[in-house]
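Colleague: I have a new model open and would like to learn how to read its features. Could you walk me through a few?
Modeller: Gladly; let us look at it together.

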Amino acid sequence: MAAMLSPLRMLLCAAKCPPTRHCSSFVSRMRYVNRLKEDDASCLAALQSGHIFLFHRLSPLLQHTERGTFRPPALISSDVQSVLERLGSDGSLLKESVLIGCSEQNQAQFCLDVGELDQAAVEEVCGGNFVQLRKSYFLLTGAEAPLLAKGQALLRWHQTSRFCSATGQPTLRNQAGSQRVCSSSGIVYYPKMSPVVIVLVSDGKRCLLARQSSFPRGMYSALAGFCDMGESLEETLCREVAEEVGLEVQSIFYSSSQHWPFPHSSFMLGCHATISPAHTQLDVDHTELEDARWFGLEEITSALQVKTPPRRGDPPVLWLPPKHAIANHLIMEWTNRQRVSEVGE
Ligand SMILES: NC(=O)C1=CN([C@@H]2O[C@H](COP(=O)(O)OP(=O)(O)OC[C@H]3O[C@@H](n4cnc5c(N)ncnc54)[C@H](O)[C@@H]3O)[C@@H](O)[C@H]2O)C=CC1
Ligand SMILES: [Mg+2]
């Protein structure tokens, strides 16, 4: 999963880069993006030749491909400009684009919300549809989903950060959209994410999954909770497990992390934790969770085979979080480890 590299995999990726006297393309791309964040004129110049992903009221534009899949079209600046002009907007909207990255082909990437234009008209001109991010996220494969999630998160942040919370005066963005500054006090604001710890608890043989009443039918996931101010990852993890299911954690292993756009931007820190097999009795906090249960390897293995969510009237079946979700990644890691240890027994 490209968006979630474990430290070991990160190390392996780094090891693959050939040692050269010049910057690797990764290094030069990262430095390029950083320069665009700091230099408005360079960013504006990059926008003229960059790729733009369109959103309408935070829903990304998707196109059907010939293979029956979906993709977000990366439009070039001049095309977006002519779409805007054709639909009666003056060209200034283009400058509202927010920098989201740089492609492997060294193309600066931006996103732009055209929510002030008629949705159907833009869809017709561009030959696509604006699809809610929650749906888009699961229609897309590969790196496009996290890229759109990042774009939506930044666009949302700009739309909700127009005024300084200290002075009430308007804030002004830099060209890249990586910060906003209060026009009166000079206070600088940066985009925000809420840190969340997500943990797959195991007693050595089984893993612990829970569901909230708002989850889709049959779906169980790993325990998760927002970090309180001042807490470490470990403190949040132990507190959340204690609060939600009444267990005390013995050990913690960090796995990987993920930006999660729903309902707003969370920074998911994924871990595994073990508890003593002698203390597995659950005391579920039913104000937070509808249910929490231990699941063995066999149950998880068959749940991983379920390809469509259970419908109303279907027999109850365990449904696991989708591939893009870090919860799925943690469950896969646990499953692989259990398989290896069962073979070794
Ligand atoms: N990507 C993935 O695989 C998964 C992601 N998640 C995400 O993790 C997040 C946290 O999980 P929960 O069990 O709901 O958290 P939680 O157990 O901390 O409970 C949520 C409650 O925490 C409080 N809270 C404290 N700080 C908050 C903040 N910064 N933003 C919002 N609420 C805050 C609110 O009262 C809220 O109702 C969810 O937003 C969910 O979307 C959850 C499971 C899987
Ligand atoms: Mg929770």
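Colleague: Is Leu-58 buried, partly exposed or exposed, and why?

Modeller: Keep in mind that this is a predicted model. The idea is to count neighbours: a residue is buried with 20 or more other C-beta atoms within 10 Å, and exposed with 12 or fewer. Leu-58 has 17 within 10 Å, so it is partly exposed. Leu-58 sits in the loop between β1 and β2, and its phi is near 75°, a positive value in a residue other than glycine.

Colleague: And how does Asn-106 count?

Modeller: Asn-106 counts as exposed because it has 10 C-beta neighbours inside 10 Å. Asn-106 is in the loop between β5 and β6, and it too is not a glycine, yet has a positive phi of about 65°.

Colleague: Which residues does a cis peptide bond join?

Modeller: For this, look at omega: it is about -10° at the cis bond between Phe-262 and Pro-263. Pro-263 belongs to the loop between β14 and β15.

Colleague: Which residues of α10 are buried?

Modeller: They are Ile-326, Ala-327, His-329, Leu-330, Ile-331 and Trp-334. Their cover includes β11, β12, β14, β15 and α9.

Colleague: How many residues surround ligand 1?

Modeller: There are 18, and the closest are Ser-194, Gly-225, Phe-226, Ala-325 and Ala-327. Two or more shell residues come from each of β11, β13, β14, β15 and α10. Sorted by class, the shell holds twelve nonpolar, five polar and one charged residues.

Technical notes:
Residues numbered from 1 in each chain as written. Chains lettered and ligands numbered in written order. Predicted model: local features only at pLDDT ≥ 70, side-chain atom pairs only at ≥ 80, totals over all residues. Helix = DSSP H or I, 4+ residues; strand = E, 2+ residues; numbered from the N terminus. Contact = placed C-beta atoms within 7 Å. Near = placed C-beta within 6 Å. Nonpolar A, V, L, I, M, F, W, Y, C, P; charged D, E, K, R; others polar.
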